[in-house]
Amino acid sequence: MPEVKLEGVTKRYGKVTAVDHLDLLVRNGEILTLLGPSGCGKTTTLRCIAGFVVPEEGRIFLGEEEITTLSPEKRGIGFVFQSYALWPHMTVFQNLAFGLQLRRVPKEEIRKRVQEVLSLVRLSGMEDRNVRQLSGGQQQRVALARALVLHPRVLLLDEPLSNLDAKLREEMRFEIRELQRQLETTAIYVTHDQAEALVLSDRIAVLNEGRLVQLGVPEEIYQRPANRFVAGFIGISSFVEAGVIAVSPGGVILRTDDGLQLHALCTKNLAIGQRVTVAIRPEHIDVIEGGPTDSVNAFEVEVVRAAYLGDSIDCRFRVGKWELRTQLPPRRLPTRGEKFWIHIPPEKIILILE
């Protein structure tokens, strides 16, 4: 399967720049997710690659071939739409065979390829069923199969799970990932769902306002966000502004604006007086049993609010002017104003320089 390369791709709608000089390389055989909020340019980017939209600037390559202005049907690309876009008056077989018939594939070859791909997506035996008789999950599989039956050079998926319920959406994430690995297909997946991106992706491209703000493997995106936007969009973070008051090899001491001192490990070159943003993930906050301790980054906190989630308690603490969010075991729901002691390991503190 070929690589997909975008060089300076720009698409405008009137005065609005949907995609802004985007450079991106999708590697052969990987699944790369375009992730970001609504309006960030991820679907426009996908449609530029598919040929449904032609950019004003930049070039798009499929392998060594430039396809910037090539018509969609000549690109050899499979597209799975958010709405599935199935033909409601056709059977499952007819939906899958339609694209092959347009390409004048022989009847026996059509039947063979349809049977193979239905087996792949676990829909064997449903060839004659009308798509309106299928569940949402089954319709999603038909839409995926319709793209795969064409033997696409690249597979594009535009939020294909957004119409499913939460439980089915979670199951389908793993199915799509396993299918992509089995076929070794180069795939580009669009979503605004962080969990989907983390589960599905070899790499994630985070977009904001039409620009690429970070590209990396899921662990890197989550643990080492490039800026405050990424740290806030991927997962949950609590933020506080601080200044550097001491520097040592591999570490710094910070003071927040309301006087709290924080010790953090750091491999970046920071100077005394420099301003940074501190980000803390909920899972990096430890509640200390038995009261105060002389450990660094140990603070007494007050419960602002708590919500029971079944497998955990979503708890908001306040320390000084800083509100921290964490998850507690579901043993007992804390009350507003209740006091706890917490500890934040220095190696878990994320420092963001902007």
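This is a predicted model: local features need pLDDT of at least 70, side-chain atom pairs count only at pLDDT 80 or more; totals for chains, interfaces and linings use all residues.
## Helix α4 and its surroundings

Helix α4 covers residues 136-148, a run of 13 residues. From its first C-alpha to its last it reaches 19 Å, close to the 18 Å expected at 1.5 Å a residue. The helix is mostly covered, since 11 of its 13 residues are buried. The buried positions are Gly137, Gln138, Gln140, Arg141, Val142, Ala143, Leu144, Ala145, Arg146, Ala147 and Leu148. The elements that cover them include the strands β6 (77-80) and β7 (154-158), together with the helices α2 (92-102), α3 (107-120) and α5 (166-183).

The axes of α2 and α4 lie 8 Å apart, and the two helices pack at an angle of about 25°. This angle makes α2 roughly parallel to α4, because angles under 35 degrees count as roughly parallel. The crossing of α2 past α4 is right-handed. At this contact, Val92, Asn95 and Leu96 of α2 meet Val142, Ala145 and Arg146 of α4.

Helix α5 also packs with α4: their axes come within 11 Å and cross at roughly 20°. These two helices are therefore roughly parallel to each other as well. Here too the crossing is right-handed, with α4 passing α5. On the α4 side, the contact is made by Gly136, Gly137, Gln140, Arg141, Leu144 and Leu148. On the α5 side, the residues are Leu168, Met172, Glu175, Ile176, Leu179 and Leu183.

## Strand β9 and its partners

Strand β9 (residues 203-208) is largely enclosed by the rest of the structure, because five of its six residues are buried. One partner is strand β3 (residues 31-35), which runs parallel to β9 and is joined to it by four bridges. In this pairing, leucine 32 stands opposite arginine 203 of β9.

The other pairing described here is with strand β10 (residues 211-216), which runs antiparallel to β9 and is joined to it by five bridges. Valine 206 faces glutamine 214 of β10 across this pairing. The strands β9 and β10 form a hairpin with two residues between them. In that hairpin, glutamate 209 takes a positive phi near 55°.

## Two individual residues

Threonine 91 lies in the loop between β6 and α2. Its relative accessibility is 18%, so threonine 91 counts as buried; the cut-off for that class is under 20%. When neighbours within four places in sequence are left aside, threonine 91 is in contact with Glu127, Asp128, Arg129, Asn130 and Val131.

Glutamine 261 belongs to strand β13 (residues 261-265). With 38% relative accessibility, glutamine 261 counts as partly exposed. Apart from neighbours within four places in sequence, its contacts are Ile245, Ile253, Leu254, Arg255, Asn297 and Phe299.

## The protein as a whole

The secondary structure of the protein amounts to eight helices and 20 strands. Along the principal axes, its C-alpha atoms fill a box of roughly 75 × 45 × 35 Å. Of the 354 residues, 51% are buried. Among contacts with a separation of 6 or more, 64% are between residues 24 or more positions apart.

Key: Residues are numbered from 1 along each chain as its sequence is written. Side-chain values use heavy atoms; hydrogens and water are left out. The expected span of a helix is 1.5 Å times one less than its number of residues. Buried means under 20% relative accessible area, exposed over 50%, partly exposed in between (1.4 Å probe, protein chains only). Contact means heavy atoms within 4.5 Å. Two strands pair if DSSP finds at least two bridges between them. Axes are lines fitted to C-alpha atoms, for helices over the stretch in contact, and angles run from 0 to 180 degrees between N-to-C directions. Angles under 35 degrees count as roughly parallel, over 145 as roughly antiparallel, 65 to 115 as roughly perpendicular and the rest as oblique. A crossing is left-handed if the near helix is turned anticlockwise from the far one by less than a right angle, and right-handed if clockwise.
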